[in-house]
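These are my notebook entries on one protein structure. I set down what I looked up, entry by entry.

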Amino acid sequence: MGIYLNPGNSGFRESISSEIYIDKTGLIAYTNKCVSTEQKFICVSRPRRFGKSMALKMLAAYYGLGCDSRELFSGRKIEHEPSFETYLNQYDVIFLNMQQFLIEAGAGKILDYLEQEVLEELYEVYGEFLKAGITKFAAALRKIYQKTGRKFIFLIDEWDSVMRERQESEELQKQYLDFLRNLLKDQPYVALAYMTGILPVKKYGIHSALNMFWEYSMTDQKRLEEYTGFTDTEVKVLCNQFGMDFDEASSWYDGYTFTKFRHIYNPRSVVEAMVCHKYSNYWTSTETYDALKIYMDMDFDGLRADIVQMLGGGRIRVNTRSFQNDMRNFRTKDDVLTLLIHLGYLAYDSEREEAFIPNKEIRREFENAMSVSGWPEVMHILKASDKLLEDTLCCDEKSVAEGLDKAHTQVASILTYNNENSLACAVSLAYYSAVKDYKMIREFPSGRGFADIVFLPLPHRDKPALVIELKYNKSADTALQQIKDRKYTQALEGYMGEILLVGINYDKEKMDKPHSCVIERIEKF
């Protein structure tokens, strides 16, 4: 076994020996279908700590020569696939961690250092087929293939580290892309190339060196959705195993959504929450909020207003296709929003082409970034939200209306009221603190339309549910009557207990006190 050539199965052994291991070996069934086909080039991009490196260790253990990994996969999903025996430990694997080379190599010497390190191991194993003086990685592999007919599987971790950490060095980026293209494209010795990173590979300016790759990113994971994070079913099993509340886990870590799997959880955070037996910010604690703050401060074309709307539970339409996968140059707010999707700070619904803040953990990170970033209007609203919720629970209609008036005054410089949707965003923001005890749902489906905002209490909170209907230039009584006429409360399946019906109206003609509110308390048996 080597460091780069056939690194063995110890990494995967550590994974399955951990206190928590979720079986994702079904991924191998898909990569087996891609071996030595037109689909053999795979680039999987996900946020940090979303299991990318673990997947590579699994693939290295499965494909790599020089070790018997059969017992590691015993009882796993892949064992029952017809292709399991066909490819098990049948290939030379070349495992490259590009961040490691970037750290260890001198400035601008990353490619020379990489070739030197890997060639040394190739000479140890295949020296009899290589003439002295071969100094290029690709040339050595071509010669080995010519003499032996052996194909290689390439596993490349942190492929985009050069792009992310050497943003100012466009020449190095071009050299690196040319190196990868020469190493992989149209080379007969490639059986499979599986790369992982945070960014997709499709575009870097006009230089499309790696256009042979099939991309699986946070905007579209295609057939790899199930392996992007933890699924609903997997998290439910863990919650039962560790005695943790599933609804709480959903509130904290769910929210990433794809075409088939509509609920994908942050795997790092779920694991830590189970092991620590406590829900908290785990994924975001691995990086300072400065990383998010930098992009929030780029107020391209109303970006700040969009972030405020998403904090209020709203969704923003995003054109992800204009993004050039460049962390340095941004032309529109869509580019910034798309980057935040790839970084994991926003979720993306590809069917509706909308971005949104996925869960409580990420929402707190936005709040941290705003607290040091010149967003005083929004921070005032968030701090006042505790009292607004308290007034609502006390059915103090006058105080609720006054609280909404103040919130409107503070947010008016960022978010303009022009319809019920913008009003809903502002009201949701005004009730921001409710997410501690509630699950907030915008446009809650009721069977006879959609309730504007519903707050469902989390387990063991001893709080009433809130059903809020909003009107624009009508009346609070009209809003309340709509809740009753359309029987919105009947859609709260499984919920029994106290419900507050809240009707809110905004009248733009009343400049001093534009909001009015009526609240009614009922019981659902």
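Predicted model: local features only at pLDDT ≥ 70, side-chain atom pairs only at ≥ 80, totals over all residues.

Entry 1: L382 belongs to helix α17, which covers residues 376-393. I listed its contacts, leaving aside neighbours within four places in sequence, and found E367, M370, L429 and Y432. I also looked up how L382 stands to D254, which is 128 residues away along the chain. Their C-alpha atoms are separated by 22 Å.

Entry 2: the whole chain. I counted 20 helices and 15 strands in the protein chain. The C-alpha trace spans about 85 × 50 × 35 Å along its principal axes. The chain has 525 residues, and 59% of them count as buried. I then turned to contacts between residues at least 6 apart in sequence, of which 69% join residues at least 24 apart.

Entry 3: the nonpolar cores. Which residues touch the most other members of the largest nonpolar core? I found L311, L346, F366, V378, L429 and F455, in a core of 79 residues.

Entry 4: helix α19. How many of the eleven residues of helix α19 are buried? I found nine, so this helix, residues 420-430, is largely enclosed by the rest of the structure. The buried residues are S422, L423, A424, C425, A426, V427, S428, L429 and A430.

Entry 5: two packed helices. I reminded myself that two packed helices are described by the angle between their axes and the distance between the axes. For helix α11 (residues 246-253) and helix α16 (residues 360-371), the axes come within 4 Å and cross at roughly 40 degrees. That angle makes α11 oblique to α16. From α11, the contact is made by E248, S251, W252 and Y253. From α16, K360, E361 and R364 take part. Sorted by class, the contact has two nonpolar, one polar and four charged residues.

Entry 6: helix α12. In helix α12 (residues 267-276), I noted P267, R268, S269, V270, A273 and M274 as buried. Against which elements do the buried residues of α12 pack? They pack against β6 (230-231), α10 (232-242), α11, β7 (264-265) and α16. I then examined both ends of α12. At its start, a side-chain oxygen of N266 comes to within 3.1 Å of the backbone nitrogen of R268. Just after the helix, H277 takes a positive phi of about 55 degrees.

Entry 7: an arginine. R164 lies in helix α8, residues 161-165. Is R164 buried or exposed? With a relative accessible area of 15%, R164 is buried. Its side chain and that of E158 are joined by a polar contact of 2.6 Å. Leaving aside neighbours within four places in sequence, I found R164 in contact with E158, I198, L199 and M327.

Entry 8: two serines. I looked up S69 in the loop between α3 (52-63) and α4 (84-87). S69 has 0% relative accessibility and so counts as buried. Not counting residues up to four places away in sequence, S69 touches N9, A61, L88 and N89. I then turned to S17, which is found in helix α1 (residues 10-17). S17 is exposed, with a relative accessible area of 58%. The side chain of S17 reaches the backbone oxygen of R13 at 2.7 Å. Lastly, I recorded that S17 and E234 are 217 residues apart in sequence and, C-alpha to C-alpha, 18 Å apart in space.

Definitions and conventions: Residues numbered from 1 in each chain as written. Heavy atoms only, no water. Axes fitted to C-alpha atoms, helices over the stretch in contact; angles between N-to-C directions. Parallel < 35°, antiparallel > 145°, perpendicular 65-115°, else oblique. Contact = heavy atoms within 4.5 Å. Nonpolar A, V, L, I, M, F, W, Y, C, P; charged D, E, K, R; others polar. Core = buried A, V, L, I, M, F, W, Y, C linked by side-chain atoms within 4.5 Å. Buried < 20%, exposed > 50% of the residue type's maximum accessible area, 1.4 Å probe, protein only. Polar contact = N/O pair within 3.5 Å; in protein donor to acceptor, adjacent residues only side chain to side chain.
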